[in-house]
Number of protein chains: 2
Amino acid sequence: MLATVMYAPGDVRVEDRPDPTIQKPTDAVIRLSATCICGSDLWPYRGADAVDEPIPMGHEYVGIVEEVGSDVTSIAPGQFVVGSFFASDNTCEICRAGYQTSCVNREILGTGGGAQAQRMRVPLADGTLVATPGVPGDDLVPDFLAASDVLGTGWFGAVAAEAGPGKTVAVVGDGAVGLCAVLAARELGAERIIAMSRHDARQQLAREFGATDIVTERGDAGVERIKELTHGLGAHSVIEAVGTQEAMMQAIRSTRPGGHVGYVGVSHDVTLPGEELFMSHVHLHGGPAPVRRFLPDLIERIWQRTINPGRVFDLELPLGDAAAGYRAMDTRAATKVLLRP
Amino acid sequence: MLATVMYAPGDVRVEDRPDPTIQKPTDAVIRLSATCICGSDLWPYRGADAVDEPIPMGHEYVGIVEEVGSDVTSIAPGQFVVGSFFASDNTCEICRAGYQTSCVNREILGTGGGAQAQRMRVPLADGTLVATPGVPGDDLVPDFLAASDVLGTGWFGAVAAEAGPGKTVAVVGDGAVGLCAVLAARELGAERIIAMSRHDARQQLAREFGATDIVTERGDAGVERIKELTHGLGAHSVIEAVGTQEAMMQAIRSTRPGGHVGYVGVSHDVTLPGEELFMSHVHLHGGPAPVRRFLPDLIERIWQRTINPGRVFDLELPLGDAAAGYRAMDTRAATKVLLRP
């Protein structure tokens, strides 16, 4: 089969690799209908993470089940399934509390998960994969693919920030996750949704997804603008979808005392000042999104065509052109690249 | 009247000062029934905070209302009242959300509040003071005094940590606030309460207050012990009542993914590592306790003799001996010193 492998920073190749096989009785093998490139895949691509040996890339996936191990009971060949970047048993105490990404038996399918390929092996299939009500038409595939990571992550950010009726929600970050957080806040019933963005196309999609206000300022100026829009108090709920020090502090400072920060941007060199956090009176919650918690609900909303998160993909390429997809995301020519195997 | 004034580190004097008077129509003047020395009063005493001019000390107080300003409607002379270390209007949007210590009109009565005296002026009396059902007997006065700060603070820690039925709660810190957090966790219905303490007397009081387990280890060893007691997962709820880097990290690392850290120790030189916090999946909430939120409930529990938080006072002195009280707390001869004006 064809699979995407990173050999070195900037060196991504699509090459022939052995087909994956069932290795444990809890595994499934799926044939991918679509996969995509994640912002986090750019770290090794840009040399920020080491590439010590060739890495099979990709961790966002939807597809058709081809084969299941002998212990798998809830998933059957022929079904269209959505999974997430962590495999989880979905039965341990942590999973049952809704934190499948901290499952005591989790297996991380992060960069190196091998999803940018024609086929992939998914561990703990019963706990990880969720089948759609039927095999969807091609037009719904990008929406289900978004649910695999960016939608589930934005959704968790909105839930962690307690977005809901009567709330003013601000979103820091206008990448695919931030835009999906806007969509989630709308679906959760937020009264007012402030998207922080200075890119025309992303502002427009934020509005389509439910943003009522756009703030173009960043850092301290961005905080001031949020305060002006909220009677000087700050937003009730702020979603952080970047992961930098500046974005985290902007999120904390934009939140009113007693409000909630939901942070889903993967932290990079962030250190939080204890005294300021103490005096801020905010609630802070986040981490690797337990996408599995939300999948049944998200799948239903997509199946019913209530939401269209696939709109975040602004470039679609055949899997064979994965290298061009990496270049497009690296140069910011594209926000999010979908690959068709 | 007599009042406690700090002139320099280590130099605390009780001296004659002018009686306080109503300065604004929202003020009240109270005659103190009891006051006490706070751990935070030791910072200037030990030279950790500057003493640039003589500071009237104290911010924990209960007493009889002597006079109220013309705008005060809910408090009347002759009533026994409990207040807190922040004055709040209790009507703004932040107060109504339960964060009176971040009231938009708050006045901080921290160190320098002047409560270690025979009389004090309380701003925003309607929003700050809560009257007891009647004037209590002397035996209840220490309990009400505890409600003014350490009980309210421990209670907020337990609420922020979402202590409740079915939960295993751990408390980091065995000072007056930590001990009151144990009491709060019991009252909130926690199933198991682990007090972290290596002092015999405090362990004993922790057990009286409801601790089911005592852990004497600290730091990483303390974390390991909590994990051993919770099937390797960590506690559902952890209350941090110290404010140091070690205690904060101990609290975060003792909490299971999806669990809650309530931190009420005033942060000192704490910086939180973003990546570890992100991966921990904990909820983090805390800050200066909005004691006012809990006062009506706490007063009722004390009045009904359901709880006896005054047990945290292990030394009682006349106000005139305040300097000896400071020495006793500085040398750790006493946990918490009550002063009778």
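Buried area is the accessible area, taken with a 1.4 Å probe, that two parts lose on being put together, summed over both. In this predicted model, chain B and chain A bury about 3,000 Å² between them, 64% of it on carbon and sulfur atoms.

Local features need pLDDT of at least 70 and side-chain atom pairs count only at pLDDT 80 or more, while totals for chains, interfaces and linings use all residues. Residues are numbered from 1 along each chain as its sequence is written, chains are lettered from A in the order in which they are written, and side-chain values use heavy atoms, without hydrogens and water.

**Between the chains**

Contact means heavy atoms within 4.5 Å. On that basis, 35 residues of chain B touch 35 residues of chain A. The two chains are also joined by 2 salt bridges (a side-chain nitrogen of Lys or Arg within 4 Å of a carboxyl oxygen of Asp or Glu). A:Arg256 forms a salt bridge with B:Glu93, and their closest N and O atoms are 2.8 Å apart.

**Helix pairs**

Two packed helices are described by the angle between their axes and the distance between the axes. Axes are lines fitted to C-alpha atoms, for helices over the stretch in contact, and angles run from 0 to 180 degrees between N-to-C directions. Helices (H or I, at least four residues) and strands (E, at least two) are DSSP runs, numbered from the N terminus.

| Helix pair | Angle | Axis distance |
|---|---|---|
| H5 (residues 150–160) and H11 (residues 291–303) of chain A | about 110° | 10 Å |
| H4 (residues 141–148) and H5 (residues 150–160) of chain B | roughly 50° | within 3 Å |

Angles under 35 degrees count as roughly parallel, over 145 as roughly antiparallel, 65 to 115 as roughly perpendicular and the rest as oblique. H4(B) is therefore oblique to H5(B). In that pair, B:Ala146, B:Ala147 and B:Ser148 of H4(B) meet B:Val150, B:Leu151 and B:Gly152 of H5(B).

H5(A) and H11(A), by contrast, are roughly perpendicular to each other. Their contact includes A:Trp155 and A:Phe156 of H5(A) and A:Phe294 and A:Arg301 of H11(A).

**Within chain A**

A:Arg119 lies in strand E9 (residues 119–122) of chain A. Leaving aside neighbours within four places in sequence, A:Arg119 is in contact with residues including A:Met1, A:Asp19 and A:Glu66. A:Arg119 and A:Gln203 are 84 residues apart in sequence and 35 Å apart in space, C-alpha to C-alpha.
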